[in-house]
Amino acid sequence: MTDGRVLPLAGLRVVDATVEHAELASRLLGDLGAEVVKVEPPEGSPARSLAPVRRGVSLAFAVRNAGKLGVALDLTDGADVERFHELLRHADVLVTSAAGLGEGLTVDGIAAAHPHLVVAAATPYGLTGPWSGRAATDQVLSATGGMTFKAGVTTREPLPAPGQFCNDVASSLVAWAILCALWQREQSGAGQLLDISVNEALAQTADWSLPNFSVRQAMGFEGTDVRNGSGPVYPIFRCRDGYVRLIVLSPVQWRAMRAWLGEPEYLQDEEYDSFPGRFAIAEAVLNPLYEELFADMSVETVSEEAQKRGIVCTPVLDPPRVLTNEHFASRGTFTDLEVAPGVVARASSGFFELDGERAGPTAPPPAVGQHTEQVFSSLGEARTAAPLSEPSLPLAGLRVMDFGQGAVGVEAGRLFAEYGADVLKIESRSHYDFIRVITGIEMGPSFASSSRSKRGFGVNARTPEGRDILRQLAKVSDVVIENGTTGVMDDLGVGYRDLSAVNPGIAMAASQLMGSRGLWADWRGYGPSTQAPGGLSYLWSYEDEEEPAGTASIFPDHFVGRLCAVGALATLLGRRRGTVSGGFVEIAQVEAVTGVLSDLLAAESLEPASVRPRGVHTERGTPGANYRCAGDDDWVAITCRDDADWAALARVMGRPELADDPRFATLEGRRANVAELDALVGKWTAGLDRFEVADRCQAAGVPAGAMLHSRDLATNEHLVARGFPVPVDQPAVGTILLEGPAFFGPAIAPPVEAPAPWLGEHTEVVCTELLGMDRAEVQRLVDAGVLEITPVDQRPG
């Protein structure tokens with residue numbers, strides 16, 4: 001219950017024993033209504049010291065634990081261990097970031113002792129495989145999870161994602177895994193142990209790096225991805241008071257841009273209507289023209305004028321401007337959060353809106369043990385369990401209408417399809433999913449990854465009969481997913497109001513660029529467009545350069561897709577449990593960006609001008625950077641969290657005396673002498689293989705990881721051992737490697753990994769089987785342009 005509302009997960013109790021990794025996962029469940037109990041030792045969680053720290057408060061801990069109840073238990077004490085078991089007997093979920101919580105408290109043992117319980121072990125690299133048990137920080141996960149290699153420029157170091165970015169992105173998949181197990185428990189009565197790899201959850205969101213690499217390799221291309229800043233697709237340009245991110249892809253966008261430039265005669269050639277044609281003259285001709293046009297305008301003026309003209313452009317905002325931005329103020333993106341008694345920061349108000357109202361933390365983070373007696377005095381009835389069932393697909397029997405575009409909605413649909421739902425990929429040639437045709441035909445590796453295992457349904461929703469067919473489909477569906485331009489679904493007559501009128505139990509998940517309301521609600525763009533106004537383009541950059549370095553990452557697309565899936569499945573779970581009848585879940589893509597930066601933005605609100613790009617470095621510890629190794633663009637991430645890690649690293653380097661060197665003996669000293677320290681570590685790593693460096697560091701307990709390129713996602717021994725690269729024979733593309741599962745459970749069957757459909761490949765069978773049409777009627781509608789198919793003889797390959 002929140003502000004008088006009953007939220008979907010009301011009545012569920014989640015016990016959170018995480019430290020640093022996946023702490024956001026249980027908060028997401030709490031934002032959706034679950035009671036979340038944070039269990040810490042009496043001295044407090046080690047995560048309470050995580051940077052950024054302002055006014056003595058860890059904001060990393062505060063924003064990810066807001067709204068939770070605090071319980072203090074000493075799990076080395078027999079009486080407290082029994083109290084812990086008592087709490088688990090009255091809980092539905094346990095989330096932990098380690099394989100065990102103390103002597104006699106392994107996750108396997110806990111799951112066996114509490115067969116009703118969903119035990120989610122969200123560890124850095126999973127419970128199995130060569131890297132299981134390894135130590136990691138967010139910086140290390142950025143390297144091994146496919147985030148770092150594409151950020152920055154070729155002439156400099158690759159850049160790790162800022163803050164706790166990687167853990168937060170992975171937390172969305174952790175929450176999804178938990179909801180799948182809870183949904184399955186509703187049918188079977190049994191809990192189970194989930195083995196979740198944070199690294200694989202992150203690698204799933206690495207922008208289709210694996211499938212695209214596998215296709216390039218099959219075509220005979222050598223080498224790997226090269227860092228190129230924001231690249232030619234998402235370039236950044238200087239304005240009077242900062243920078244904007246400009247995206248001109250389609251012919252319509254180009255003609256609008258050309259008009260803004262004054263229709264120069266030398267740009268009228270039809271060759272420039274294509275992106276390759278413009279790319280050929282970008283460096284010498286177009287980019288200087290853009291910068292000259294923007295030179296005397298503010299970033300807001302440039303962006304607003306571009307949007308009026310139908311051109312995709314967004315301002316690059318630094319943390320102070322993010323916190324005071326008028327669009328965010330109009331949406332209530334930020335709220336005052338009491339992070340400690342008397343200390344109030346501006347923080348993200350939450351990722352979700354449910355039925356038009358924000359669903360986020362409504363209470364501060366707990367003090368250590370603040371609610372111990374309250375929790376134990378109101379445990380309620382103990383949970384019961386049935387025997388563990390044979391493995392099955394947890395979402396079998398559900399049906400999803402997937403209107404997704406790009407990588408947002410389609411990724412949500414992909415998750416449902418992999419775990420058993422019948423997902424209908426709804427499209428029309430009158431308005432393609434642009435990722436489907438990005439390779440020049442109606443199929444490609446990126447589309448194949450995000451639309452695997454679905455059925456293709458072609459329909460023109462702009463026709464009256466097409467709209468009627470979609471409403472009929474809604475009657476026999478459970479979920480609708482869309483991420484079109486603000487208002488389009490309503491204008492077509494297939495928005496939430498229309499579809500819930502024919503099926504009140506429908507769960508609809510929607511995501512718009514800047515949200516469906518607010519001053520910039522009608523802005524157009526692509527997921528990466530939101531990195532600029534959300535603060536990520538500014539912060540994911542070099543610390544000694546003014547111009548944002550840029551990254552090829554398409555974040556937050558895959559992340560938002562997972563949040564959509566979480567919101568939709570939580571709504572279905574609430575429908576099944578009787579807390580809600582259905583519902584409308586919204587996630588603004590730009591608020592996914594501000595959400596993962598919430599602790600950094602909170603730090604800026606408490607100490608203005610304190611949050612700036614940190615480049616290769618991290619506040620988590622020093623040394624903490626990416627260091628060059630032997631090989632072609634091979635790097636390793638190393639983070640020394642404390643003095644003990646530094647002493648261990650010094651021994652591994654063969655320089656144990658450095659641990660006692662007055663320049664480096666303390667964290668403050670190491671930070672003051674970071675350039676000299678980086679040179680020493682870099683000299684050691686330069687002649688070594690990146691994997692050897694990581695192995696040596698890990699053997700000494702120091703978090704380290706080789707930076708993985710896209711090619712490594714296909715061959716890395718740990719990923720291969722856990723079944724991450726999955727070969728699929730995709731028509732018109734060939735055998736490609738897709739991103740495999742990030743979690744396993746004994747009652748969950750292996751996910752369905754099947755080819756993506758052609759546009760309308762299953763239109764006829766869906767109409768005849770689900771809607772009761774005969775084939776003649778289907779053919780009439782195809783001939784009339786209402787339904788669409790791809791005949792077998794017209795499918796490439």
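Which order do the strands of the open sheet have? In this predicted model, the open sheet has nine strands in the order β15-β14-β21-β20-β19-β16-β17-β18-β28, and their pairing is mixed. The edges are formed by β15 (357–359) and β28 (787–788), each of which pairs on one side only. Helix α15 (residues 409–418) packs on the sheet, where it touches β16 (399–402), β17 and β19 (479–482). The direction of α15 makes about 150° with that of β19.

Within the sheet, strand β17 (residues 422–427) is paired with strand β18 (residues 455–459) in the parallel sense, over four bridges. In this pair, K425 stands opposite G456 in β18. Strands of a sheet pair through backbone hydrogen bonds, and the pairing is either parallel or antiparallel.

The antiparallel sense is found between β22 and strand β23 (residues 635–639), which pair over five bridges. The bridge partner of N626 is A637 in β23. The two strands, β22 and β23, form a hairpin with six residues between them. In the turn, G631 has a positive phi of about 115°. Strand β22 (residues 624–628) is largely enclosed by the rest of the structure, because four of its five residues are buried.

A further site is that of E186, which lies in helix α6 (residues 165–188). E186 counts as partly exposed because its relative accessibility is 28%, a value between the limits of 20% and 50%. Leaving aside neighbours within four places in sequence, E186 is in contact with L573, R576 and R577. E186 and R577 are 391 residues apart along the chain, and their C-alpha atoms are separated by 8.5 Å.

Note on methods
Residues numbered from 1 in each chain as written. Predicted model: local features only at pLDDT ≥ 70, side-chain atom pairs only at ≥ 80, totals over all residues. Heavy atoms only, no water. Buried < 20%, exposed > 50% of the residue type's maximum accessible area, 1.4 Å probe, protein only. Contact = heavy atoms within 4.5 Å. Pairing = 2+ DSSP bridges. Axes fitted to C-alpha atoms, helices over the stretch in contact; angles between N-to-C directions.
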